Amino acid sequence: MASHRRPKQPSRARVTVLTTAAAAAVVLSANAANAAPSEKPGKDEVKAKVDALYEQAEKATEKLDGAKEKQDKLEKQISTLQDNVARGQEDLNELRDDLGSMASAQYRTGGIDPSVALFLSSNPDDFLDKASAMDQLSSQQVESLKKVQEKQRELAQQRQEASAKLKDLSDTRAELKKQKQDVQGKLASAQKLLNSLTAKEKAALAAQEQERATRASERVNLGHTKAASGRAAAAFAAAESVIGSPYIYGHSGPTTFDCSGLTSWAYAQAGVSIPRTSEAQANAGTRIYSQSDLQVGDLVIFYGDQHHVGLYAGGGQVLHAPHTGAVVRYESIGNMPFQFGVRI
């Protein structure tokens with residue numbers, strides 16, 4: 001006879017677990033369905049991120065400027081060395097021709113010694129090392145041979161130096177390419193963030209920048225700080241004449257500038273040559289560690305790695321080329337981490 005047992009019922013604990021899991025799944029599904037999409041960053045957050053990217057780009061820009069300056073110097077040095085080598089080779093050829101003429105004259109008169117043939121050797125050192133043969137040469141021949149030796153040594157040294165500088169130039173060009181890519185990458189990231197803002201947000205940021213620049217300009221007018229020197233005054237006047245000029249990385253005037261490009265250009269207008277990069281400019285004069293001792297036209301160095309520089313404008317303000325997207329303008333010295341001033 002078939003068994004008629006009741007089917008086994010699930011335990012109360014199992015039912016509770018399953019019920020709880022199902023309820024949780026329903027809640028999670030509902031939350032997912034009702035969740036709002038992630039909010040895009042506001043203009044203040046975007047500005048903070050963009051400012052950080054601009055600072056990173058400026059660090060790379062100063063390295064780029066240094067590499068460009070080094071490249072220019074190396075190219076000039078190599079050109080000079082190559083010209084010297086070419087002229088030196090001409091002189092050496094003339095000296096050898098003179099020795100050849102002496103040897104030919106001795107041969108025609110029958111008085112040539114076999115050792116005179118060494119005059120025409122590519123390595124006359126071998127001849128001079130044989131002191132016993134010196135007695136057979138005239139004083140004129142000895143002097144000519146010494147000149148050949150000296151010229152050969154000079155040319156060898158210049159060729160070696162030119163070769164080393166060509167290698168250095170190749171490395172510098174590779175570094176220049178790397179730094180340029182770094183700058184462009186930072187600026188592209190910053191632009192992408194700015195593009196995420198609405199037209200209204202962009203206008204608000206621009207208005208904030210303009211208001212800050214206006215306040216800084218007013219404080220400069222109230223400063224009445226004297227200039228550090230006549231040339232410092234002239235340099236500052238030159239920088240003032242280009243207020244509103246765009247910041248372009250790697251540029252040093254006369255219509256577009258980066259930070260150290262502005263300061264080096266301004267002092268050049270005053271007849272003073274200072275280094276191209278902010279880091280080098282930090283060592284171009286007497287350092288001033290107290291802001292209260294700064295005078296108009298002094299360089300002002302910012303950030304621990306000295307990657308930004310401006311000109312002191314008086315009234316606690318600095319005149320500088322801030323970053324991409326900005327123009328040459330006044331700004332409070334307190335808006336950036338002050339390190340020290342430099343009096344040229």
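User: Hi! How many salt bridges does a search of the whole structure find?
Analyst: Hello! The search finds 15 salt bridges across the whole structure. Keep in mind that this is a predicted model.

User: Which residue does Lys70 form a salt bridge with?
Analyst: Its partner is Asp168, and the closest N and O atoms are 3.2 Å apart. The pair links distant parts of the chain, since Lys70 lies in helix H2 (residues 43-108) and Asp168 in helix H4 (residues 139-195), 98 residues apart.

User: And how accessible is Lys70?
Analyst: Lys70 has a relative accessible area of 39%, so it counts as partly exposed. Asp168 is also partly exposed, at 27% relative accessibility.

User: Staying in helix H4, what separates Asp171 and Lys167?
Analyst: About one helical turn, because the two residues are four apart in helix H4. Asp171 and Lys167 form a salt bridge, with 2.8 Å between the closest N and O atoms. As for accessibility, Asp171 is partly exposed at 41%.

User: Why can side chains like these pair at all?
Analyst: Opposite charges on side chains can pair when the charged atoms come close.

User: Nice. Which residue forms a salt bridge with Arg212?
Analyst: That would be Glu209, with the closest N and O atoms 3.5 Å apart. Both lie in helix H5 (residues 199-223), three residues apart, or about one turn of the helix. Arg212 is partly exposed, with 26% relative accessibility.

User: Which residues are linked in a network with Arg212?
Analyst: Salt bridges link Arg212 in a network with Lys47, Asp51, Glu209, Arg329 and Glu331.

User: New topic: is Ser260 buried or exposed?
Analyst: Buried: the relative accessible area of Ser260 is 0%, and the cut-off for buried is under 20%. You can find Ser260 in helix H7 (residues 259-269).

User: What is Ser260 in contact with?
Analyst: Leaving aside neighbours within four places in sequence, Ser260 is in contact with Glu62, Asp65, Arg276, Thr277, Ser278, Gln281 and Val309.

User: Last one: where is Tyr289?
Analyst: Tyr289 is in the loop between strand E1 (286-288) and strand E2 (299-302). Tyr289 counts as exposed, with a relative accessibility of 55%.

User: Which residues does Tyr289 touch?
Analyst: Not counting residues up to four places away in sequence, Tyr289 touches Phe338, Gln339 and Phe340. There is also a C-alpha separation of 8.8 Å between Tyr289 and Val342, which are 53 residues apart along the chain.

Methods. Residues numbered from 1 in each chain as written. Predicted model: local features only at pLDDT ≥ 70, side-chain atom pairs only at ≥ 80, totals over all residues. Heavy atoms only, no water. Buried < 20%, exposed > 50% of the residue type's maximum accessible area, 1.4 Å probe, protein only. Contact = heavy atoms within 4.5 Å. Salt bridge = Lys/Arg side-chain N within 4 Å of Asp/Glu carboxyl O.
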